[in-house]
Amino acid sequence: MRTGKWGGRVATRFPPEPNGYLHIGHAKSICLNFGLARDYNGVCHLRFDDTNPVKEDQEYVDSILDAVRWLGFRWGTDREGDGDEHLYYASDYFERLYEFGEHLIRKGKAYVDSLSADQTREYRGSFTEPGRESPYRERTVEENLDLFRRMKAGEFPDGAHVLRAKIDMGSPNLNLRDPVIYRIKRAHHIRTGDQWCIYPMYDYTHCISDALECITHSICTLEFEDHRPLYDWVLDELADVLPWHSRQYEFARLNVTYVITSKRKLKQLVDEGHVSGWDDPRMPTLVGIRRRGFTPESIRLFCDRVGVAKADQWIDYGVLEAALRDDLEPKALRVAAVLDPLKLIIDNFPEGLVEECTAPAHPQRPELGRRSFPISRELWIERDDFSEAPPKGYFRLFPGNRVRLRHGYVIECKGVDRDAAGQVTAVHADYFPDSKSGTDGANTYKVKGNIHWVSAAHALPVEVRLYDRLFTDPQPDSGHKSFLEHLNPHSNRTITAYVEPGVGAGPHAVQPEDRVQFERHGYFVADHVDSRPGKPVFNRIVTLKDTWQARA
């Protein structure tokens, strides 16, 4: 923009392969490409690299479209931003890509090779040894055109021939050692059906697609840095028939601790049943983290914070969680919930009496109003809010101690009930009728402890899934590690919890994908797959504090 290159315009593209679900690493690329276009009043193309029909599926296309929309980006310019004018497929260019292949042959810059796959690898050489030229490298232009056209016509079996760029078998860059740019592959394509039996390779396709779309900034991750000379070679050789010469830029991929992003390994987790599916809330796929309860705003905030670098680095998972907490804190309505229930009986609370208590829906947002919930003689409290032998500094409930029931009354512990094994099954207490929160008498009682609770007779029992990190090792697949050996056996624990009744009905009833804060516990989301009207199922999104730092 500063130099006036490209006429001051910015055109980027996000080019996913429709062969799997997008993950957190793709989110960085989406935010970068669409964000640059937004910030510089440009345009970002969404282009599917659908050049390998064996692994592609419409299911993946649909999930990618949905993921980009969910993150808050659009590729169209209609009212909803979903118009097709900037939605592209590599298959849109199959005919032209084939014509460019013939053009390279005519220029003597491509040839049909008949080596087997094993021979091709052998002839390619290595990082320490130069490659050898194929015995078919000097075929005439006429012979190459004839073979290439017959490849297209389906006269040869898969693997019989390939079209290779004619560059330099002695190059120190292996990508320039006559790379394959077309291969025979009989497979049904999700868009073109059985029209084609030869398909272009990615390195050949994406640079030409960029040029045809007049992309100014072709941004990719650092592993493609060594591919840039091939990118430029193809566009240079086709300069007489292409309208544009795009430029490739590289950035460091996103590496997050406790996460793997290899599609092959993620597929293994799904196929072997280590997770429930691609949308398992422990998965780093965008469908997984969305179901976990992450917000698109938190992902964009995270990507902004980690920035763009030219050197590979590891980002601590805590940075992602911090962005999530910062986004949820001002948004999530508060809910009283008891996850590990212990019965509390207020002996002097009249039998059958039910009173209403109130609390702000959000402590910093009075405009959201207040929520009400009942208090009765029998309550549920957290088990760790009671101790018979409290340690020093413990201010919650123990025999003889007074605490305040949050938004309710002050109580004093009087005793316990036990089962045959001696385990505490209920706590008994008396309450002070003039101590209710919000009344004049409340200030006359000075207590240090404050515990949360729900009415046993009125609380809504709900399924709660306590999700945690999927792996125990911060780099589970680095080096020669077997990532499966580092699966966290405690990454998913399902319990029955009790929440205030307004969660199921009323003005603050929770709907699928609503996110709330269970006070003192963390942020939770109503699962959009398994929740039912009046019967939400909650997934823990993140704890209130980084408990992994404490463990370390």
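Which residues form one aromatic cluster together with Y204? F94, Y98, F148, Y182, W196 and Y199 form one aromatic cluster with Y204, and the legends below describe this and other close-up views.

The model is predicted, so that local features need pLDDT of at least 70 and side-chain atom pairs count only at pLDDT 80 or more, while totals for chains, interfaces and linings use all residues. Residues are numbered from 1 along each chain as its sequence is written, and side-chain values use heavy atoms, with hydrogens and water left out.

View 1. Y204, a member of the aromatic cluster, lies in helix α6, where helices (H or I, at least four residues) and strands (E, at least two) are DSSP runs numbered from the N terminus. At 1% relative accessibility, Y204 counts as buried; buried means under 20% relative accessible area, exposed over 50%, and partly exposed in between, with a 1.4 Å probe and protein chains only. Leaving aside residues up to four places away in sequence, Y204 touches L97, F100, G101, L104, I181, Y182 and V234, a contact being heavy atoms within 4.5 Å.

**View 2. The aromatic pair of F373 and W453.** The structure holds 20 aromatic pairs, a pair being rings of Phe, Tyr and Trp (its six-membered ring) with centres within 6.5 Å, where planes under 30 degrees apart count as stacked, over 60 as edge-to-face and the rest as tilted. In the pair of F373 and W453 the ring centres are 5.6 Å apart and the planes stand at 65°, so the pair is edge-to-face. Because F373 lies in strand β16 (residues 370-375) and W453 in strand β22 (residues 453-455), the pair ties together parts that are 80 residues apart in sequence. F373 is buried, with a relative accessible area of 4%, and W453 is also buried, at 2%.

**View 3. Arginine charges over aromatic rings.** The charged end of R9 sits over the ring of W244, at 5.2 Å from the ring centre; a charge sits over a ring if NZ of Lys or CZ of Arg is within 6 Å of the ring centre and within 35 degrees of the ring normal. R469 lies over the face of Y258, with 4.8 Å to the ring centre.

View 4. I299 touches I24, A27, W70, L71, I289, F294 and L320, not counting residues up to four places away in sequence. In helix α7 (residues 228-237) the buried residues are L230, Y231, W233, V234, L235 and E237, and these pack against α3 (94-106), β5 (162-165), α6 (202-212), β8 (217-221) and β9 (247-251).

**View 5. The second largest pocket.** The volume of the second largest pocket is about 640 Å³. On a 1 Å grid over the protein atoms alone, a pocket is an open set of points with protein on both sides within 12 Å along at least five of seven lines, a cavity is a set of points where a 1.4 Å probe fits but cannot get out, and lining residues have an atom within 4 Å of a point. Grid points are joined across faces, edges and corners, and a volume is the space filled by probe spheres set on the points. Of the 30 residues that line this pocket, L339, L466, H521, R540 and T543 are the closest to its centre. The largest share of the lining, four residues, comes from β27.

**View 6. The largest cavity.** Four cavities of 30 Å³ or more are found in a search of the whole structure, and about 180 Å³ of space lies in the largest one. Among its 17 lining residues, V259, R282, M283, P284 and Y317 are the closest to the centre, while α9 (286-292) and α11 each supply at least two residues of the lining.
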